[in-house]
Amino acid sequence: PKQSRSKSTMSDGEEDPRIEQLEEFIVDKSPKDIAEFLEKMDMKEAMVCGGMCFNIPFAKAHFMLSATLGSGTKLTEEIIQAKEIYKACFPSEEAQLMLLFALEMYVVTKKRNGLKVYDAILRCLWENDVIHEDQMDKWHKAETGLHQFYPDFALADAVKARETGWKFIDWVQREDGDDGEDEED
């Protein structure tokens with residue numbers, strides 16, 4: 001288990017103790033109950049990767065990813081295991097976009113090999129109806145979007161995630177284009 005420390009004694013990279021509270025709560029709870037718990041959590045002065053985060057939707061996404069990922073299996077397998085939780089907790093467009101930015105930060109800081117397979121990660125989110133393709137497109141166009149949440153943001157990481165992720169986003173857009181042509185026939 002992760003060790004909890006007060007916010008004032010956290011060093012860079014240590015996580016907010018509320019993440020551990022969330023990890024403990026989600027065991028054997030329904031996605032609806034988890035979403036309600038996350039909604040009620042006090043996110044003021046949330047600690048994200050050692051820094052203070054004032055964007056509550058981003059902090060919620062970060063907390064949930066931190067509580068549900070990291071078991072040591074493939075990231076896509078972990079996403080599939082938690083998909084119903086993500087759908088319940090992040091139903092709105094804004095929440096889905098924050099989930100994408102938080103996932104980008106998670107991969108950059110904790111699972112760097114995920115940068116090489118970001119297209120598979122995005123595909124997993126899309127195929128499991130966690131993230132709508134429009135939000136993926138917004139995320140893709142916001143190359144420096146993570147910088148507002150993560151001070152150690154590196155443009156090279158954002159470029160790599162988007163280059164790899166583009167393979168999937170482009171495929172979805174081409175498929176949508178093909179579907180539109182079929183409807184006109």
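## Charge over a ring

In this predicted model, the charged end of Arg 162 sits over the ring of Trp 139, at 4.1 Å from the ring centre.

## The stacked pair

The whole structure holds 5 aromatic pairs. One of them joins Tyr 118 and Trp 139. Their centres are 5.3 Å apart, with 15 degrees between the planes. The pair is stacked, because planes under 30 degrees apart count as such.

Tyr 118 has 0% relative accessibility, so it counts as buried. Trp 139 is also at 0%, and therefore counts as buried.

## The edge-to-face pair

Trp 126 and Trp 171 meet in another geometry. Their ring centres lie 5.9 Å apart and their planes stand at 85 degrees, so this pair is edge-to-face. Trp 126 lies in helix H6, Trp 171 in helix H8 (residues 155–184). The pair therefore ties together parts 45 residues apart in sequence.

Both tryptophans keep some accessible area: Trp 126 is partly exposed at 26% relative accessible area, and Trp 171 is partly exposed at 27%.

## The ring cluster

Trp 126 and Trp 171 belong to a cluster with Phe 168, linked by ring pairs.

Methods
Residues are numbered from 1 along each chain as its sequence is written. This is a predicted model: local features need pLDDT of at least 70, side-chain atom pairs count only at pLDDT 80 or more; totals for chains, interfaces and linings use all residues. Side-chain values use heavy atoms; hydrogens and water are left out. Rings of Phe, Tyr and Trp (its six-membered ring) pair if their centres lie within 6.5 Å; planes under 30 degrees apart count as stacked, over 60 as edge-to-face and the rest as tilted. Buried means under 20% relative accessible area, exposed over 50%, partly exposed in between (1.4 Å probe, protein chains only). Helices (H or I, at least four residues) and strands (E, at least two) are DSSP runs, numbered from the N terminus. A charge sits over a ring if NZ of Lys or CZ of Arg is within 6 Å of the ring centre and within 35 degrees of the ring normal.
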